[in-house]
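Please keep the sequence and the model in view while reading.

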Amino acid sequence: MSRRRFLVGSLAAGTVLASCGRSTSDSPPARPNLTAAIDRVEAARPHSGRTVTAALTPRETTVDLGGVNARTLAYGDTIPGPLVRANVGDELAVTVRNHLDHPTSVHWHGIALRNDMDGAEPATPNIAAGESFTYRFTAPRPGTYWAHPHTGLDADYGLYAPVIVDDPRERGDYDAEWIVVLDDWTAGVGPSPRQILDGLRNRRMGSMPMMRTDNSSSLLGGDAGDVSYPYYLVNGRIAVAPTSFTAKPGQRIRIRIVNAASDTAFRVALAGHAMTVTHTDGYPVIPTEVDSVLMGMGERYDVTVTAQDGSFPLVAVAEGKNAVARALLTTAAGVAPEAGFLPGELTGRVGTADRFAATPEVDLRLGRTDVDLQATLSGGMMRYDWAVNATADGGNRPLSVRQGESASLTFANTTMMWHPMHLHGHTFQVVNRDGSPGARKDTVIVLPRQNLRVAFLADNPGTWMMHCHNTYHQDAGMMTSIDYTT
Ligand SMILES: [Cu+2]
């Protein structure tokens, strides 16, 4: 059976299993060695002795996007879902009550947590419809993270929430904090994510007016995305009905930006302000001033700004798609420019990941390389056969490392599209073209025809997914795993 028929079959059966099927087993044999290894690593994590409880209730509901109502899926009633927040070393106990009509999961994107709480099959079983499950894990490091299901297209229906881990010892050089979650939106107002994926897979794109193939961006090396959406959101609101963040002039504001979209990179700028990038995917970088940041799906950037006097739009351009999402920063009476306003900062110094370098404290300093891994990205729009290390039978070959090894991983993109590649359970370090160490990240944009090298330490045993964070590419099969116990 071809992968495509496998996918169509599983969709027709009403299930939304993540379609990585070929590389991993749905019902792994009991692995006592793995359980012991996971427990050993968990014991070595910092422990505060405090437990933070939270609840997420995925369900069908109607959300108000700002004068536009959408029948969709959400955690509770809001887009994004409720903030989950704890300190380093706290045990998070998050109870998920699945009120959906199909299995779901919650993946803690970016957190190097214990493998059996990762929220992605096969490491963690999905939660059946009507059932509850409590994810329990220690938050090992501070940072800006997010939570979303690892089941089919669920995240594209609005199931996502920011997750922040604080370090009480960290000197926060800011007066206020603004969490900004970006998304591309169609559920309940345009074709459903399922219809979009079916259209992409069956190449009926001509019959779907919202889908275009002329989305183009020089920053992304060509084709910017498969889908043009009816709306782009900041914190659940469309551009003409933005949320407003209030501060005082002169205050330093830490903005934590999360790209929760499915098929859209955003270029983000705050009108009238330069931004100092302080963190990439939760890890500190040498502070670097830019005018905007480019963010692929799954990436997070923390920036600080010094608030000016007035009302300023934060504009997230849907890169290559001729549309924007936005919110407002308000520090004084004033009228913000109209919704289509594009601040000059968007075309100033654009912060792409290669401009940043980890601080010495989090530099991996991997002098040696024990194992060279390669992830060959393949596929295209015509056949919609996206894959990582494709095998002849339509599957994906897993990557092999051993516990404690220092790994070099090269993403070799043979396709004509960019892919935001995400590794679970680890934060790798980008290796710049000249060999110098770059930013720590768990999700990185790999441009068309680019070879991009990253390095990581295999210090968190288990079965970890590695995939493209374009929801449709992932569902079409652009996913493999890294599996190690000893
Ligand atoms: Cu992709």
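Met295 is buried, with a relative accessible area of 0%; buried means under 20% relative accessible area, exposed over 50%, and partly exposed in between, with a 1.4 Å probe and protein chains only. The structure is a predicted model, in which local features need pLDDT of at least 70, side-chain atom pairs count only at pLDDT 80 or more, and totals for chains, interfaces and linings use all residues. Residues are numbered from 1 along each chain as its sequence is written, and side-chain values use heavy atoms, with hydrogens and water left out.

**Surroundings of Met295**

Met295 belongs to strand β19 (residues 292–295); strands (E, at least two residues) are DSSP runs, numbered from the N terminus. Ala265 is 30 residues from Met295 in sequence, yet the two are 5.4 Å apart in space, C-alpha to C-alpha. Not counting residues up to four places away in sequence, Met295 touches several residues, including Ile257, Phe266, Tyr301 and Ile445; contact means heavy atoms within 4.5 Å.

| Residue | Relative accessible area | Polar contact of side chains |
|---|---|---|
| Thr463 | 8% | Asp483, 3.2 Å |
| Asn126 | 17% | Glu121, 3.2 Å |

Thr463 lies in strand β32 (residues 462–468), whereas Asn126 is placed in the loop between β6 and β7 (132–138).

Cys468 and His473 are both buried.

**Nonpolar cores**

A nonpolar core is a set of buried Ala, Val, Leu, Ile, Met, Phe, Trp, Tyr and Cys residues joined through side-chain atoms within 4.5 Å. The largest one has 129 residues, of which Trp108, Ile253, Ile255 and Phe456 touch the most other members. Strand β10 (residues 176–185) supplies the largest share of this core, seven residues. A second, separate core has six residues, among them Ala239, Val317, Val324 and Leu346. Leaving aside neighbours within four places in sequence, the contacts of Trp108 include Leu56, Val94, Phe137 and Trp146.

**Strands and sheets**

Four strands form an open sheet in the order β4-β9-β8-β6, with mixed pairing. β4 (84–87) and β6 (107–109) are at the edges with a single partner strand each, so one side of each has no neighbour in the sheet. Two strands pair if DSSP finds at least two bridges between them. β6 pairs with strand β8 (residues 143–148) in the antiparallel sense over three bridges, and His109 has Trp146 in β8 as its bridge partner.

In strand β5 (residues 91–97), five of the seven residues are buried, so β5 is largely enclosed by the rest of the structure. Strand β1 (residues 51–56) pairs with β5 in the parallel sense over six bridges, with Val52 opposite Leu92. β5 and β7 run antiparallel and are joined by seven bridges; here Thr95 stands opposite Thr134.

Technical notes
Polar contact = N/O pair within 3.5 Å; in protein donor to acceptor, adjacent residues only side chain to side chain.
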